[in-house]
Amino acid sequence: MNNHSRHHGPAPRRPNIGITPDWSPAGEQPFARYELKVPYADAVLRAGGLPFVLPYSDEPACVESYLDRISGVLVTGGAFDIPPSAYGEDAREGLGALKEGRTAFEAALMRGALKRNMPVLGICGGMQLLNVILGGTLYQDIGREVEGAREHEQKHDRTHPQHPVDVKSGTLLAEAVGYGQLMVNSTHHQSVRGVGKDVTITAVAPDGVVEAIESSVHTFAVGVQWHPEYMSTTIPVHVGLYKAFVQKAREHRR
């Protein structure tokens, strides 16, 4: 046995992290496609997790089988909106495109994970879905519905930030990235309106837009409105959120 293994032991086990991909319809290509931006998988790997992409299924037994094999769920963002019917509203002007098959699968996966108290991380649209699943509502279009809102769809490089947020102390988010001012990127036109049951707002933008939430009754059910995985090299503190998520996943199933 060499000194390294005697003093340090084996590397910590990589927990299986299920990642939801985006979906694009058949068009110029003959088949519909699953798509995943590389930074999501890279962030999970860098944080010590083992990423698995989960193709959609509308079979409850399939969703349960996924949950049997993973220790954490990462729900990604995308250029689409959650159907307003999911939070008891009619569509209003400003609502974007829907991907109902994707949302139905992600909702079933997230509900199943929360029922098991399995760690869940929602990024951008994934945060909005977490709020809706927990009983909250959304602004269907920030520009039309939030008075005095600033621009939340940045035009410049997404590896660089758009605006600050104020991270509240005493939260899982603060444990992961620190409390106080944090610079974030911004690529969304919807946001949390009414928070769900047992949901805590953990970060807010200067214009009052909710930027992060977490559940107070689950071990780790956290959503952020920005994309930490895009800023892993420009503002490395953001990797802390993925590290916290992966560590909770490791503890979930020993």
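Helix 2 packs its buried residues against quite a list of partners: strand 1 (16-20), strand 4, strand 5 (72-75), strand 6 (120-123) and helix 8 (239-252). The residues in question, within a helix that spans residues 38-46, are Tyr40, Ala41, Ala43 and Val44. Looking down the axis of helix 2, these buried residues fall within an arc of 160 degrees, so they line one face of the helix. After helix 2 comes Gly48, with a positive phi near 100 degrees.

All of this is read from a predicted model, so a word on confidence is in order. Mean pLDDT for the chain is 95, with 97% of residues reaching 70 or more. Residues 1-5 are another matter: pLDDT there is below 50, and beyond near neighbours in sequence the stretch has 2 contacts in the model.

Leu50 belongs to strand 4 (residues 50-53), and with a relative accessible area of 32% it is partly exposed.

Turning to charge pairs, the structure holds 10 salt bridges. One of them joins Asp22 to Arg102, with the closest N and O atoms 2.9 Å apart. Asp22 sits in strand 2 (residues 22-24) and Arg102 in helix 4 (residues 100-115), so this pair ties together parts that are 80 residues apart in sequence. Both ends are tucked away: Asp22 is buried at a relative accessible area of 14%, and Arg102 counts as buried at 2%.

With Glu93, the closest N and O atoms are 3.5 Å apart. Arg144 is in helix 6 (residues 142-145), while Glu93 is in the loop between strand 5 and helix 4, so here the bridge connects parts 51 residues apart in sequence. Arg144 and Glu93 are both exposed. Arg144 also meets Asp141 in a salt bridge, at 3.1 Å from N to O.

How values were computed:
Residues numbered from 1 in each chain as written. Predicted model: local features only at pLDDT ≥ 70, side-chain atom pairs only at ≥ 80, totals over all residues. Heavy atoms only, no water. Helix = DSSP H or I, 4+ residues; strand = E, 2+ residues; numbered from the N terminus. Buried < 20%, exposed > 50% of the residue type's maximum accessible area, 1.4 Å probe, protein only. Arc of directions from axis to C-beta. Contact = heavy atoms within 4.5 Å. pLDDT = per-residue confidence, 0-100. Salt bridge = Lys/Arg side-chain N within 4 Å of Asp/Glu carboxyl O.
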